[in-house]
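Hello,

Here is the structure I promised to pass on to you. Have a look at it first, and then read my notes below.

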Amino acid sequence: MDNSNTHNRIAKMTFASVYPLYVAKVERKGRTKEELHQIIEWLTGFDKKKLQELIEEKVTFDAFFQRASLNPNVSLITGVICGYRVEDIEDPLTQQVRYLDKLVDELAKGRKMEKILRGS
């Protein structure tokens, strides 16, 4: 997974193209957009207003995570997503995107918010 093709594909993908999929996934499972925003803010530091600006700007995932201030507890996000252990992914951008995927997945699976936010 940590090859340059995967990195380039992820780096060029816009956050705005994936965001509606995240919303649909969590809402389909009975969770809310507000809860989604809470986990995104926990991970990246982006509040709702900044997140909307980034969506409107159609930033790539590369730019999205370059602008983010990752939570200091990000290393507590562990487990498997898309068949890979997130803690073992070597490419930083790929790992950051998979951290977000993992949090969204946990939210959709009904995990309690305090566990998703790693006790924060």
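**Helix H2 and its partners**

Phe15, Tyr22, Lys25 and Val26 in H2 meet Leu100, Asp101, Val104, Asp105, Leu107 and Ala108 in H6, where contact means heavy atoms within 4.5 Å. The residues of this contact of H2 with H6 divide into seven nonpolar, no polar and three charged. For that sorting, Ala, Val, Leu, Ile, Met, Phe, Trp, Tyr, Cys and Pro count as nonpolar, Asp, Glu, Lys and Arg as charged, and the others, Gly among them, as polar.

Before going further, a word on what you are looking at: this is a predicted model, in which local features need pLDDT of at least 70 and side-chain atom pairs count only at pLDDT 80 or more, while totals for chains, interfaces and linings use all residues. Residues are numbered from 1 along each chain as its sequence is written, and side-chain values use heavy atoms, with hydrogens and water left out.

Helices (H or I, at least four residues) and strands (E, at least two) are DSSP runs, numbered from the N terminus. How do H2 and H6 pack? Their axes are 9 Å apart, at an angle of about 20°. The axes here are lines fitted to C-alpha atoms, for helices over the stretch in contact, and angles run from 0 to 180 degrees between N-to-C directions. H2 and H6 are therefore roughly parallel to each other; angles under 35 degrees count as roughly parallel, over 145 as roughly antiparallel, 65 to 115 as roughly perpendicular and the rest as oblique. H2 passes H6 in a right-handed crossing. A crossing is left-handed if the near helix is turned anticlockwise from the far one by less than a right angle, and right-handed if clockwise.

H2 (residues 15-28) also has H3 (residues 33-44) as a partner: the two axes come within 9 Å and cross at roughly 125°. That makes H2 oblique to H3. This crossing of H2 past H3 is right-handed. On the H2 side, Phe15, Tyr19, Tyr22, Val23, Val26 and Glu27 take part, and they meet Lys33, Leu36, His37 and Ile40 in H3. The residues of the contact of H2 with H3 split into seven nonpolar, one polar and two charged.

Leu21 also lies in H2. At 57% relative accessibility, Leu21 counts as exposed; buried means under 20% relative accessible area, exposed over 50%, and partly exposed in between (1.4 Å probe, protein chains only).

Gln95 belongs to helix H6 (residues 92-108). Gln95 is buried, with a relative accessible area of 15%. Its side chain reaches the backbone oxygen of Ile89 at 3.5 Å. That is a polar contact, a pair of N or O atoms within 3.5 Å; within protein, one must be able to donate a hydrogen and the other to accept it, and residues adjacent in sequence count only if both atoms are side-chain atoms. Not counting residues up to four places away in sequence, Gln95 touches Val86, Glu87 and Ile89.

Arg118 sits in the segment after helix H7 (113-116). Is Arg118 buried or exposed? Arg118 is buried, with a relative accessible area of 14%. A polar atom of the Arg118 side chain lies 2.8 Å from the backbone oxygen of Ile116. Leaving out residues up to four places away in sequence, Arg118 touches Trp42, Asn73, Leu76, Ile77, Thr78, Leu103, Glu106 and Arg111.

**Loops and positive phi**

Lys58, in the loop between helix H4 (48-57) and H5, has a positive phi of about 55° although it is not a glycine. Lys58 is exposed, with a relative accessible area of 56%. Cys82, in the loop between E1 and strand E2 (84-85), has a phi near 55°, again a positive value in a residue other than glycine. Cys82 counts as exposed at 52% relative accessibility.

Leu70 is in the loop between helix H5 (61-67) and strand E1 (80-81). Leu70 is partly exposed, with a relative accessible area of 29%. Setting aside neighbours within four places in sequence, Leu70 is in contact with Leu43, Phe65 and Gln96.

Best wishes
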